[in-house]
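Here are some questions and answers on how one protein chain is put together. Please have the sequence and the structure at hand.

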Amino acid sequence: MPKSKRAKVVNLSKVGKKGKELSQKLFRNVRECLDQYAYCWAYSVEAMRNTYLKDVRNELSDSRLFFGKTKVMAKALGLTPEEAYQRNTEKLAVHLNGDMGLLFTNREPQSIIDYFENLAKTDFARAGTEATRDFSIPAGIVMSTGGQIAAEDDTPLAHSLEPELRKLGMPTSLEKGKIILQNDYTVCREHDTLDSRQTRLMKLFNLATADFRVSLKAHWKSSTSEVTVMDAMND
């Protein structure tokens with residue numbers, strides 16, 4: 001009598017006891033969801049923010065989302081046809097690398113596609129990410145947006161922030177209650193790898209450049225065991 005795939009022992013790598021328990025729980029949850037839901041999507045995330053992903057979970061409350069631990073999720077799907085928990089789930093597992101997750105849902109594919117195409121949230125960039133634009137602050141009175149809008153539509157930056165600006169490397173001084181920048185100051189150039197000093201300055205001047213987005217890569221359909229790749233759909 002052939003062994004049940006559900007009873008098969010799968011090595012989830014050498015981790016600590018707590019980490020192993022969490023990995024085993026994720027492994028079980030993924031396989032339970034494969035039995036319960038009509039579709040399983042592989043998706044990637046740009047500018048990951050837990051708060052925004054929580055919003056997605058709330059808005060798709062009839063579905064299940066998992067993110068991170070891609071190796072565990074891939075093993076739960078199965079890495080080969082012989083290991084596949086359901087037929088062809090190994091074809092979805094190949095998409096799980098990098099900042100990836102799985103979405104289990106009974107909603108029709110077009111509904112999911114439309115939802116994520118309209119999902120876009122902007123946040124402040126974090127250190128270690130790439131600058132998406134140039135940002136320079138003009139000499140003179142330092143305004144709240146650092147010159148992003150016309151001076152007549154802006155207000156001077158609070159004078160209490162002047163010491164912090166100097167600590168962050170800007171050549172500033174305080175004159176008659178206003179922060180004065182001695183010369184134009186470049187915070188970053190497009191494609192720079194941002195450090196914590198640059199991201200702090202961008203936040204002080206309310207410059208949000210990190211776009212949280214979810215990109216759908218492929219989905220597996222339980223009724224047919226077919227895997228559909230999004231790039232192929234768009235060709």
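A nonpolar core is a set of buried Ala, Val, Leu, Ile, Met, Phe, Trp, Tyr and Cys residues joined through side-chain atoms within 4.5 Å. The model discussed here is predicted.

Q: How many residues does the largest nonpolar core have?
A: Helices α1, α3 and α4 and strands β1, β3 and β10 each supply at least two residues of this core. Among those with the most contacts inside it are V30, L34 and F104. The number of residues in the core is 23.

Q: Which residues does L96 touch, leaving out those up to four places away in sequence?
A: L96 is among the residues with the most contacts inside the largest nonpolar core. Contact here means heavy atoms within 4.5 Å. On that basis L96 touches A42, T70, M73, A74, L77, G101 and L102.

Q: Within what arc do the buried residues of α5 fall?
A: Helix α5 spans residues 109-117, and its buried residues are P109, I112, I113, Y115 and F116. Seen down the helix axis, they line one face of α5, because they fall within an arc of 165 degrees.

Q: Which residue caps the N-terminal end of α7?
A: Helix α7 covers residues 196-204. A side-chain oxygen of the capping residue lies 3.1 Å from the backbone nitrogen of R197. That residue is D195.

Q: What covers the buried residues of α7?
A: The buried residues of this helix are Q198, T199, L201, M202 and L204. Their cover includes β5 (135-137), α6 (162-167) and β9 (185-188).

Q: How far apart do the C-alpha centres of domain 1 and domain 2 lie?
A: The domain assignment gives domain 1 as 24-120 + 211-229 and domain 2 as 129-210. Their C-alpha centres lie apart by 40 Å.

Note on methods: Residues numbered from 1 in each chain as written. Predicted model: local features only at pLDDT ≥ 70, side-chain atom pairs only at ≥ 80, totals over all residues. Heavy atoms only, no water. Domains from an automatic or database assignment. Buried < 20%, exposed > 50% of the residue type's maximum accessible area, 1.4 Å probe, protein only. Helix = DSSP H or I, 4+ residues; strand = E, 2+ residues; numbered from the N terminus. Arc of directions from axis to C-beta. Polar contact = N/O pair within 3.5 Å; in protein donor to acceptor, adjacent residues only side chain to side chain.
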